[in-house]
Amino acid sequence: MSRKRIIFCDFDGTITVNDNIVAIMKHFQPEGWDTLVQQVISKELSVREGVGRMFALLPTERKREIVDYAIGNVTIRNGFREPLAFCRKEEIEFYVTSGGIDFFVYPVLSEFPIPEDHIYCNGSDFSGSHIRILWPHACDSECHNDCGMCKTAIIRSYPKEDYERILIGDSITDFEGAKLADTVFARSHLVQLCEDLKLNYYPFENFFDVIRRLEELKVS
């Protein structure tokens with residue numbers, strides 16, 4: 001029996017053109033945010049700790065302003081509707097696996113036919129004086145990277161014996177997931193990782209590139 005195809009797609013920098021967390025920080029400029037970003041990039045801080053500490057710099061009294069900016073600042077990468085239509089037609093499961101935050105991920109994706117239970121992202125709590133990030137999809141026993149939103153844990157919940165796993169991504173939060181995937185669609189920093197590890201990958205700039213390759217893989 002053939003394996004069922006399943007797609008795990010990153011949000012920031014993949015579905016969207018920009019990285020929304022960094023954009024929020026650049027716009028509101030809370031003191032110390034840029035140091036935290038560099039510490040995450042250098043792996044001095046885990047993604048969970050770094051992102052949590054960044055948002056803890058933002059007061060909840062500015063909630064409306066922050067949410068409006070986060071949603072309004074998003075640009076969707078060209079062609080995103082096409083693979084969604086292809087997946088529906090071919091009965092391919094399509095999941096969004098995002099290190100982003102619920103207050104902008106869910107509203108942005110609400111205009112697309114993606115069930116909410118197919119969207120994995122981090123949560124948020126505005127009840128205190130400053131924003132607190134929640135981590136409903138933390139690392140499992142096989143991951144020790146303190147991801148916050150653990151993409152590898154989600155991918156592993158769909159066993160490779162039963163699923164042909166396809167990952168679409170661009171950067172640091174997709175590195176470990178790419179190693180588990182049968183096929184990777186990569187852009188930006190993820191391309192070099194795939195080259196270094198000789199992973200089965202295809203570069204892309206927009207989702208028209210992705211859909212063309214999915215169509216080719218269908219008949220191959």
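**Helix pair and overall fold**

Tutor: The axes of helix H2 (residues 20-28) and helix H5 (residues 63-72) come within 10 Å and cross at roughly 130°. Axes are lines fitted to C-alpha atoms, for helices over the stretch in contact, with angles from 0 to 180 degrees between N-to-C directions. Helices are DSSP runs (H or I, at least four residues), as are strands (E, at least two), numbered from the N terminus. This is a predicted model: local features need pLDDT of at least 70, side-chain atom pairs count only at pLDDT 80 or more, and totals for chains, interfaces and linings use all residues. Residues are numbered from 1 along each chain as its sequence is written, and side-chain values use heavy atoms, without hydrogens and water.

Student: How are H2 and H5 oriented to each other?

Tutor: Under 35 degrees counts as roughly parallel, over 145 as roughly antiparallel, 65 to 115 as roughly perpendicular, the rest as oblique. The crossing is roughly 130°. H2 and H5 are therefore oblique.

Student: Which residues in H5 does H2 meet?

Tutor: Contact means heavy atoms within 4.5 Å. From H2 come Asn 20, Ala 23, Ile 24, His 27 and Phe 28. Their partners in H5 are Glu 65, Ile 66, Tyr 69 and Ala 70.

Student: How many helices and strands does the protein chain have, and what share of its residues is buried?

Tutor: The secondary structure comes to eleven helices and seven strands. Buried means under 20% relative accessible area (1.4 Å probe, protein chains only). Of the 220 residues in the protein chain, the buried share is 50%.
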